Amino acid sequence: MMARMSDPLVIGRVVGDVVDNFTQCVDMSVTYNSSKQVYNGHELFPSSVTAKPKVDVRGGDMRSFFTLIMTDPDVPGPSDPYLSTGALALVQLSTQ
């Protein structure tokens, strides 16, 4: 699926500033502390992300590698997001 203007990744300028436009090929979910689900465009507070996240990858060729990129699109703050194009985490995932 091509990124649309209503996509939170486009609105938050992740697509364009951090990564090029892409077509999603698998479903991926990230959960912190067994209950805090991560959604594109939703704010996470430091207190809710103190533990390592659980990452689930579903669909596609499970012999493949996938990349998870976590960013903060308004770092250091919404009024001056001059560091927004940096990735907080870049992780290669293997489903094997």
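Thr 31 has Gln 37 as its bridge partner in β2. Strands β1 and β2 run antiparallel and are joined by two bridges; two strands count as paired if DSSP finds at least two bridges between them. This is a predicted model, in which local features need pLDDT of at least 70 and side-chain atom pairs count only at pLDDT 80 or more, while totals for chains, interfaces and linings use all residues. Residues are numbered from 1 along each chain as its sequence is written, and side-chain values use heavy atoms, with hydrogens and water left out.

**Chain and confidence**

- The protein chain holds two helices and five strands, in the order α-α-β-β-β-β-β from the N terminus. Helices (H or I, at least four residues) and strands (E, at least two) are DSSP runs, numbered from the N terminus.
- The mean pLDDT of the protein chain is 74, and 75% of its residues reach 70 or more. The pLDDT is the predictor's confidence in each residue, from 0 to 100.
- Among the elements, β2 has the highest mean pLDDT (87), and strand β5 (residues 87-94) has the lowest (58).
- Of the 96 residues in the protein chain, 19% are buried. Buried means under 20% relative accessible area, exposed over 50%, and partly exposed in between (1.4 Å probe, protein chains only).
- The protein chain has an accessible surface of about 7,000 Å², and carbon and sulfur atoms account for 55% of this surface. Accessible areas come from the Shrake-Rupley method with a 1.4 Å probe; for residues, only the protein chains shown count as cover.
- Among contacts in the protein chain with a separation of 6 or more, 47% are between residues 24 or more positions apart. Contact means heavy atoms within 4.5 Å.

**The sheet**

- Three strands make an open sheet, ordered β2-β1-β3, with antiparallel pairing. The edge strands, β2 (36-37) and β3 (54-58), each pair on one side only.
- Five bridges link strand β1 (residues 27-32) to β3 in the antiparallel sense. Asp 27 has Arg 58 as its bridge partner in β3.
- The hairpin of β1 and β2 has three residues between the strands, and Asn 33 in this hairpin takes a positive phi near 50 degrees.

**Ser 29**

- Ser 29 belongs to strand β1 and stands opposite Asp 56 in β3.
- With a relative accessibility of 11%, Ser 29 is buried.
- Beyond four places in sequence, Ser 29 touches Gln 37, Lys 54, Val 55, Asp 56 and Arg 58.
- The side chains of Ser 29 and Arg 58 make a polar contact (3.3 Å). A polar contact is a pair of N or O atoms within 3.5 Å; within protein, one must be able to donate a hydrogen and the other to accept it, and residues adjacent in sequence count only if both atoms are side-chain atoms.

**The salt bridge**

- One salt bridge is found in a search of the whole structure. The term stands for a side-chain nitrogen of Lys or Arg within 4 Å of a carboxyl oxygen of Asp or Glu.
- This salt bridge joins the side chains of Lys 54 and Asp 56 (3.6 Å, N to O).
- Lys 54 is exposed, at a relative accessible area of 52%, whereas Asp 56 is partly exposed, at 28%.

**Ala 51**

- Ala 51 sits in the loop between β2 and β3 and is partly exposed, at 33% relative accessibility.
- Ala 51 and Ser 34 are 17 residues apart along the chain, and 9.7 Å separates their C-alpha atoms.
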